[in-house]
Amino acid sequence: LAGNDKNKSAIGAKIFVHSNGNKLYYEHQPMRGYLSTVDDRAYFGLGAKATADSVKIIWPDGKVSVFINVPANKVLLVDQKEAEDQTQPAIKAKPIF
């Protein structure tokens, strides 16, 4: 994951992978304690399935990247700059009274 200028590591990005009726989830937090880090790549096991039905990334700023029929056993390089803004304007509620 390649984040924006203020969050180059895309910390806090959420990744959803749908494959063969299963939903896998990962929240990008590439640290595990005081003075430690871990590999910043997200890994998903698909078993014998050759593709993931979809991969959806929700970036920390709310933008979204979606990929369909993603091949297994490949590195997917994703940049936040290419994400789409899918936020909806807030609907103003009517007063009850």
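Residues are called buried under 20% relative accessible area, exposed over 50% and partly exposed in between (1.4 Å probe, protein chains only). The model is predicted, so local features need pLDDT of at least 70 and side-chain atom pairs count only at pLDDT 80 or more, while totals for chains, interfaces and linings use all residues. Numbering starts from 1 along each chain as its sequence is written, and side-chain values use heavy atoms, with hydrogens and water left out.

Strands (E, at least two residues) are DSSP runs numbered from the N terminus, and two of them pair if DSSP finds at least two bridges between them. Here, 4 strands make up an open, antiparallel sheet in the order β2-β1-β3-β4. At its edges lie β2 and β4 (64-71), each pairing on one side only. Strand β1 (residues 14-19) runs antiparallel to β3 and is joined to β3 by 5 bridges; Lys14 stands opposite Ile58 in β3.

Turning to the aromatic residues, rings of Phe, Tyr and Trp (its six-membered ring) pair if their centres lie within 6.5 Å, with planes under 30 degrees apart counted as stacked, over 60 as edge-to-face and the rest as tilted. The structure holds 2 such pairs. Phe16 and Tyr25 form a tilted pair, 5.0 Å centre to centre with 50° between the planes. Phe16 is buried at 17% relative accessibility, whereas Tyr25 is partly exposed at 43%.
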